[in-house]
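Try each task on your own before you read the solution.

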Amino acid sequence: MTESRVAAPVRVLVAESEAALKKEIAEALTLKGFTVELSENAEDAFDKVRVFLPNIILYDLDLPGYGGLEAITLISKMRSGKESFLAALSSRQADEVAAAALQAGAWAFVSKPGPTREVLQLAGAIKRHLGRPRELPRAAQAPAFKVVAAKCARPGCQAQMVSIVPKVELQGGKADQFETTVYYPKSDDEPFYDYNLASISVCPECYWAFDTGAKPSAVPQAFAAEPALFRVAAAADDTLLSDMRTPESALVAYKLAIESERVALEAGDAGRITSFADLLLKAAAVAHRAGDERERDKFFAQAERVCASALALEPCGAVYRAAYRLVAIYMFFMRDLDAARIYKRFDVLEKPPVGRMKPRDSRILANCRAAAANLIAAKNNYRRANYLTAPK
């Protein structure tokens, strides 16, 4: 007999104290193709966790029989419970309730009333995760790259993940006006894979992601919540974990890295702000390649806010780069007055409030000021309509 190609249905246990809500959630999940079991009390829920082996457990903290936090602690320690995605439901929406539920062993927290839509989104993201091809590449398909294995740095995960890195310095790339290197074929008859599509490393278990192609930064102390990452990952096609991503799937990988980095961003850390802006601007270039101009413009708008926040910091090389990038963004969006305003800020940045400017920073300032002046002088080459077509 040949093995069935039909995926097994995802099993969901709904342990909810409100009969009407339990029926609503169960019917909505069933319509989406889930197999659903119901429980009215804690003891019955424990039995069904053992027998039904649910992939997803929706547990109401007000379910009779046990205290809610005690119940999810017990479920999370059961053999079948450890293999499930346990979501705690509660009408008590205080942050401390959610924090206590997560501390007790819940994977996610969903507020009531009206949680059906969020439950469907969460269940759909988990279903996509369970059905995603798990095999990681052992060797890169593109001859210019190689595969490097590593362990996920997220606490409690440590899953095997891979990074795609160039074997040698890549040729065929050119920088756009935002200092983002965009790769092109070296010739019409020689294929060349855009490294930006593959440079984001993604954990196949928790979806923590980072940019392998960027300057290494310290592993963050704080991490984005897994449910949020699962929702983002659900939009990717089956190439998300491949070394040959489609532009659409690469765009999802960037969104995962952005969510991961956003939580790690430290207030007042100019270096981290620069790396975050780098990520946003690379994501914009990938969105452009994917033909998604709306997403591209959203990433540029986010980069504007990030770069603008850097101007409040003590003048340094990272701040000067942020000022240049703001000029480039305003040229892109045809906001010439804003570009001129930021260009004048270079005069202020040149005079640090305390002490002397470091020689290296002085050179960066001069280079950024000159580059910004060139953008303004040839502004029509750097408009939205001409992105990645302007001569270099």
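**Exercise 1. The largest cavity**

What volume does the largest cavity have? Then work out what surrounds that space, bearing in mind that this is a predicted model.

Solution. 
- Step 1: Begin with the search of the whole structure, which finds two cavities of 30 Å³ or more.
- Step 2: Take the largest cavity, whose volume is about 90 Å³.
- Step 3: At least two of the lining residues come from strand E7 (160–166), and at least two from strand E10 (200–202).
- Step 4: Sort the lining by class, which gives eight nonpolar, three polar and two charged residues.

**Exercise 2. The second largest cavity**

Which helices each supply at least two residues of the lining of the second largest cavity? Find which of them gives the most.

Solution. 
- Step 1: Note the volume of the second largest cavity, about 50 Å³.
- Step 2: List the lining: Ile273, Thr274, Ala277, Val306, Cys307, Ala318, Arg321, Ala322 and Arg325.
- Step 3: Helix H10 (270–289), helix H11 (293–310) and helix H12 (317–332) each supply at least two residues.
- Step 4: Pick the main contributor. H12 gives the most, with four residues.

**Exercise 3. A closer look at H11**

How many residues does H11 have, and how far does H11 reach from its first C-alpha to its last? Find its buried residues as well.

Solution. 
- Step 1: Count along the helix: H11 has 18 residues.
- Step 2: Compare spans. H11 reaches 26 Å from first C-alpha to last, close to the 26 Å expected at 1.5 Å a residue.
- Step 3: Pick out the buried positions of H11, which are Glu295, Arg296, Asp297, Phe299, Phe300, Gln302, Ala303, Glu304, Val306, Cys307 and Ala310.
- Step 4: Link back to Exercise 2. Val306 and Cys307 are among the residues that line the second largest cavity, and both are buried residues of H11.

**Exercise 4. The largest pocket**

Which residues lie nearest the centre of the largest pocket? Then follow one of them, Ala214, through the model.

Solution. 
- Step 1: Start with the space itself: about 1100 Å³ lies in the largest pocket.
- Step 2: Find the centre. Of the 42 lining residues, Ala214, Lys215, Pro216, Ser275 and Asp278 lie nearest to it.
- Step 3: Sort the lining by class: 18 residues are nonpolar, 12 are polar and 12 are charged.
- Step 4: Locate Ala214, which sits in the loop between strand E11 (209–211) and helix H8 (226–233).
- Step 5: Decide on its exposure. Ala214 has a relative accessible area of 31%, so it counts as partly exposed, a class that runs between 20% and 50%.
- Step 6: Relate Ala214 to Ser275. They are 61 residues apart in sequence, yet 7.7 Å apart in space, C-alpha to C-alpha.

**Exercise 5. Confidence**

Over which residues does pLDDT stay under 50?

Solution. 
- Step 1: Take the whole chain. The mean pLDDT is 90, and 93% of residues reach 70 or more.
- Step 2: Go to residues 1–5, where pLDDT stays under 50. The model has zero contacts beyond four places in sequence for this stretch.

Terms used. Residues numbered from 1 in each chain as written. Predicted model: local features only at pLDDT ≥ 70, side-chain atom pairs only at ≥ 80, totals over all residues. Heavy atoms only, no water. 1 Å grid on protein atoms, 1.4 Å probe; cavity = no way out; pocket = protein on both sides within 12 Å on 5 of 7 lines; lining within 4 Å. Points joined across faces, edges and corners; volume = space filled by probe spheres on them. Nonpolar A, V, L, I, M, F, W, Y, C, P; charged D, E, K, R; others polar. Expected span 1.5 Å × (residues − 1). Buried < 20%, exposed > 50% of the residue type's maximum accessible area, 1.4 Å probe, protein only. pLDDT = per-residue confidence, 0-100. Contact = heavy atoms within 4.5 Å.
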